[in-house]
Amino acid sequence: MRVRLREVARGVRTRLRHHARGLGDRGMSTAEYAVGTVAAVGFAAVLYKVVTSGPILQSMQSVIQKALKVAF
């Protein structure tokens, strides 16, 4: 019984050391990739709506027109 308990304790210590060193999780799982992809697509959709809104388009056009009117 004591031998088994020591083996378990050794395994737990090893896992804790690996986790503390960052060796426990070496990458994202499929679910994390899916959540990250959905979040990125949502952010892109919001950004697209903001950039294509009326006031933003007008201000971008005015900046471009001012840049083209600069005399060299």
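A: The mean pLDDT of this predicted chain is 82, and 81% of its residues reach 70 or more, where pLDDT is the predictor's confidence in each residue, from 0 to 100. Because this is a predicted model, local features need pLDDT of at least 70 and side-chain atom pairs count only at pLDDT 80 or more, while totals for chains, interfaces and linings use all residues. Residues are numbered from 1 along each chain as its sequence is written, and side-chain values use heavy atoms, with hydrogens and water left out.

The chain has three helices and zero strands (DSSP runs numbered from the N terminus, H or I of at least four residues for helices and E of at least two for strands).

The nonpolar patch on the surface consists of F43, V46, L47, V50, V51, I56 and M60, which together have about 600 Å² of accessible area (Shrake-Rupley method, 1.4 Å probe, with only the protein chains shown counting as cover for residues). Two elements, α2 (30-51) and α3 (54-68), each give two or more residues to this patch, and α2 supplies the largest share, five residues. Membership requires over 30% relative accessible area and no salt bridge, with nonpolar side chains (Val, Leu, Ile, Met, Phe, Trp, Tyr) joined within 5 Å and like charges within 9 Å; a salt bridge is a side-chain nitrogen of Lys or Arg within 4 Å of a carboxyl oxygen of Asp or Glu.

M60, one of the patch residues, lies in helix α3 and counts as partly exposed because its relative accessibility is 38% (buried is under 20%, exposed over 50%, partly exposed in between).

Terms used:
Buried < 20%, exposed > 50% of the residue type's maximum accessible area, 1.4 Å probe, protein only.
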